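Look at the structure shown here before reading the notes. They are grouped by topic.

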Amino acid sequence: MKNPFQYGDVVGGDAFCNRRKEVGDLLRAMENGEKLFVYSERRFGKTSLVRFALDKLPKKQYVSAYVDLWPTDGALSFATVTAKAITESMSTRAEKIFEIAKSFFGRLSPSMTINDQGKPEVTFGTKRFGEPGPELDEVLEAPRKIAAQGKWRVVVVFDEMSFNRFWNTVAIRLSGNYEVSSRHKPMSHISFLVAGGI
Ligand SMILES: Nc1ncnc2c1ncn2[C@@H]1O[C@H](COP(=O)(O)OP(=O)(O)OP(=O)(O)O)[C@@H](O)[C@H]1O
Ligand SMILES: [Mg+2]
């Protein structure tokens, strides 16, 4: 008999067991534009859970972006991985991806490439280094601009977050941009989830 349990990687599909209540709670939070943390000790299943819930959102109505913060080391890498996740969750067509990237993330100099599986991918680059600048502001403003167009609800999951000085800067800006007026439209159409270890 095949072992139903998979170890090591993020699990999804049939390998994803139980967690019905948690999936329901997360989906409700995503649908209601909530801002919340998902945290636990290492290897408790945070990534599998948030990805499973994110995949359940209807693609036509939701921008559902999964941002893996693991490879990031500061403002600009944070900005580029977030911009890429948002852009690529909005279309699979090369021209459309490029159009979206230019309209919401123009400061990050988008360009298109084709990956080894033949899929279009957007790449962002910038010559600037150092402290958070207008590139970061543009990225943090994007969910609001996208929701304001009225066509999409926006869910962004920041996974593998670690509490550090840089994350504090992002969190303060995010709450400044979104939390205060979160009851107003289109704020109720934007949800942020932050997942990480304790
Ligand atoms: N719902 C689930 N059903 C079955 N196995 C699971 C489930 N969730 C997690 N696992 C198991 O736990 C392992 C760790 O899961 P996952 O990577 O999602 O956890 P994590 O909390 O994100 O870990 P980390 O702290 O390293 O980021 C998976 O490789 C898988 O073996
Ligand atoms: Mg994880």
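Ligand 1 is surrounded by 21 residues, and the closest are Cys-17, Gly-45, Lys-46, Thr-47 and Ser-48. The model is a predicted one.

**Around ligand 1**

- Helix H2, which covers residues 46–56, gives the largest share of the shell around ligand 1, with three residues.
- By type, the shell around ligand 1 holds seven nonpolar, eight polar and six charged residues.

**The open sheet**

- An open sheet is built from four strands in the order S1-S6-S5-S2, and their pairing is parallel.
- Strand S1 (35–40) and strand S2 (62–68) are the edge strands, so called because each pairs on one side only.
- From one strand to the next, the twist averages 15 degrees.
- Six bridges join S1 to strand S6 (residues 190–197), and the two strands run in the parallel sense.
- Within this pair, Phe-37 stands opposite Val-194 in S6.
- Helix H3 (residues 75–90) packs on the sheet, where H3 touches S2 and strand S5 (153–161).
- The direction of H3 makes about 145 degrees with that of S2.
- As a general point, side chains in a regular strand alternate between the two faces of the sheet.

**The hairpin**

- Which strands form a hairpin with five residues between them? The strands are S3 and S4.
- Strand S3 spans residues 111–114 and strand S4 spans residues 120–123; they pair in the antiparallel sense over four bridges.
- Met-112 has Val-122 in S4 as its bridge partner.
- In the turn of the hairpin, Gly-118 has a positive phi of about 80 degrees.

**Two packed helices**

- Two packed helices are described by the angle between their axes and the distance between the axes.
- For H3 and helix H4 (residues 94–105), the angle is about 135 degrees and the axes are 9 Å apart.
- The crossing in which H3 passes H4 is right-handed.
- On the H3 side, the contact is made by Ala-83, Thr-87, Glu-88 and Met-90.
- On the H4 side, the contact is made by Ile-97, Ile-100, Ala-101 and Phe-105.
- Of the residues in the contact of H3 with H4, six are nonpolar, one is polar and one is charged.

Technical notes. Residues are numbered from 1 along each chain as its sequence is written. Chains are lettered from A and ligands numbered from 1 in the order in which they are written. This is a predicted model: local features need pLDDT of at least 70, side-chain atom pairs count only at pLDDT 80 or more; totals for chains, interfaces and linings use all residues. A residue is near a molecule or strand if its C-beta atom, placed from the backbone, lies within 6 Å of it. Ala, Val, Leu, Ile, Met, Phe, Trp, Tyr, Cys and Pro count as nonpolar, Asp, Glu, Lys and Arg as charged, and the others, Gly among them, as polar. Two strands pair if DSSP finds at least two bridges between them. Axes are lines fitted to C-alpha atoms, for helices over the stretch in contact, and angles run from 0 to 180 degrees between N-to-C directions. Two residues are in contact if their C-beta atoms, placed from the backbone, lie within 7 Å. A crossing is left-handed if the near helix is turned anticlockwise from the far one by less than a right angle, and right-handed if clockwise.
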